[in-house]
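Please read it alongside the sequence and the model.

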Amino acid sequence: RLAMALQGLPDESLSGLQTAYLSTLPDTFGRLRRAMSPTGLTLESLPEDLKRRYLAADGTARIVIGPKDDMRRPEAVTRFVEALRGVAPQVAGAPVTILEAGRAVLRSFFEAGAIAVTAILVFLFAILRRPTDVLLVFAPLVLAALLTAAFSTLVGVPFNFANVIVLPLLFGLGVASGIHLILRDRQAGAGALTTSTPRAVLFSALTTIGSFGSIALSGHPGTASMGILLTAAIAMTLVSTLVMLPACLALRRGPGGPER
């Protein structure tokens with residue numbers, strides 16, 4: 001059928017068909033012939049762009065060292081970089097960048113956490129003026145942080161460089177509810193749970209949970225994990241504040257006694 005179709009074509013069509021399908025064939029055979037007949041390579045025969053990748057202008061050569069371990073494991077990256085630095089302290093590359101970027105994020109996290117806790121303590125002492133009240137506000141936040149860490153393990157959403165900021169945010173966002181309950185407990189005398197303040201704390205936390213819950217729908221894995229953990233952290237803070245804090249206030253007040 002192909003032969004019959006070709007016989008029916010005019011000469012100019014056959015010439016165009018030959019040009020379309022076979023014009024690159026001589027060049028292809030030429031490249032194949034050169035590839036099958038290699039010659040010795042020298043530094044001078046290499047392309048300039050390739051030489052610039054591995055040879056500096058002063059003659060310093062670049063050495064590329066590959067790891068034998070899986071670089072997706074943090075401990076493997078650390079071990080590989082430390083081994084290289086034992087030989088060449090100025091070593092550079094993607095593993096070094098990943099390791100140092102991770103250390104920078106962790107340092108920033110601890111700095112942010114220390115600043116947040118210190119600022120919150122100063123603010124609480126200025127507002128409440130009682131060390132015991134400051135501790136009562138912080139106790140539910142510590143419990144919420146532990147519950148959030150447990151939640152991240154149970155659901156398989158580990159802390160990473162994108163969502164580790166959740167813990168400082170937990171203290172900053174959760175401290176307001178404790179302040180409201182402490183101040184209302186002082187005014188009510190019989191306990192903050194007998195007032196409308198717990199409902200206000202509940203509705204406020206629910207709106208915050210709704211806001212952060214939308215972040216969990218993001219297509220970016222790091223952003224989505226931050227939204228999941230923030231939602232869990234605010235929920236844990238709400239439960240801890242409404243359960244643990246009134247219980248601690250009742251224990252301090254004693255059975256039927258006035259506030260101490």
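**Note on the predicted model**

1. Leu-124 touches Arg-129, Val-134, Val-137, Phe-138, Val-175 and Ile-179, leaving aside residues up to four places away in sequence; contact here means heavy atoms within 4.5 Å. This is a predicted model, in which local features need pLDDT of at least 70 and side-chain atom pairs count only at pLDDT 80 or more, while totals for chains, interfaces and linings use all residues. Residues are numbered from 1 along each chain as its sequence is written, and side-chain values use heavy atoms, with hydrogens and water left out.

2. Leu-124 also belongs to the largest nonpolar core, which has 30 residues; Leu-124, Val-175 and Ile-182 touch the most other members. Such a core is a set of buried Ala, Val, Leu, Ile, Met, Phe, Trp, Tyr and Cys residues joined through side-chain atoms within 4.5 Å. Buried means under 20% relative accessible area, exposed over 50%, and partly exposed in between (1.4 Å probe, protein chains only).

3. Two or more residues of this core come from each of α6 (94-128), α7 (131-154), α8 (166-188), α9 (197-215) and α10 (221-253). The largest share, 8 residues, is that of α10. In soluble globular proteins, nonpolar side chains tend to be buried together.

4. A nonpolar patch lies on the surface, formed by Leu-2, Leu-6, Leu-9, Leu-14, Leu-17, Tyr-21, Leu-22, Leu-25, Phe-29, Leu-32 and Met-36, with about 1100 Å² of accessible area together. Patch residues have over 30% relative accessible area and no salt bridge, with nonpolar side chains (Val, Leu, Ile, Met, Phe, Trp, Tyr) joined within 5 Å. A salt bridge is a side-chain nitrogen of Lys or Arg within 4 Å of a carboxyl oxygen of Asp or Glu. Accessible areas come from the Shrake-Rupley method with a 1.4 Å probe.

5. The elements giving two or more residues to the nonpolar patch are α1 (2-7), α2 (11-22) and α3 (25-35), and α2 provides the largest share, 4 residues. Tyr-21 is found in helix α2 and counts as exposed because its relative accessibility is 63%.

6. The protein has 10 helices and 0 strands; helices (H or I, at least four residues) and strands (E, at least two) are DSSP runs, numbered from the N terminus. Its radius of gyration is 34 Å, well over the 18 Å that the globule rule gives for 260 residues, so the protein is more spread out than a compact globule. That radius is taken over C-alpha atoms, and the rule is 2.2 Å times the number of residues to the power 0.38.

7. Of the 260 residues, 27% count as buried.

Technical notes
Patch = residues over 30% accessible without salt bridge, like charges linked within 9 Å, V, L, I, M, F, W, Y side chains within 5 Å.
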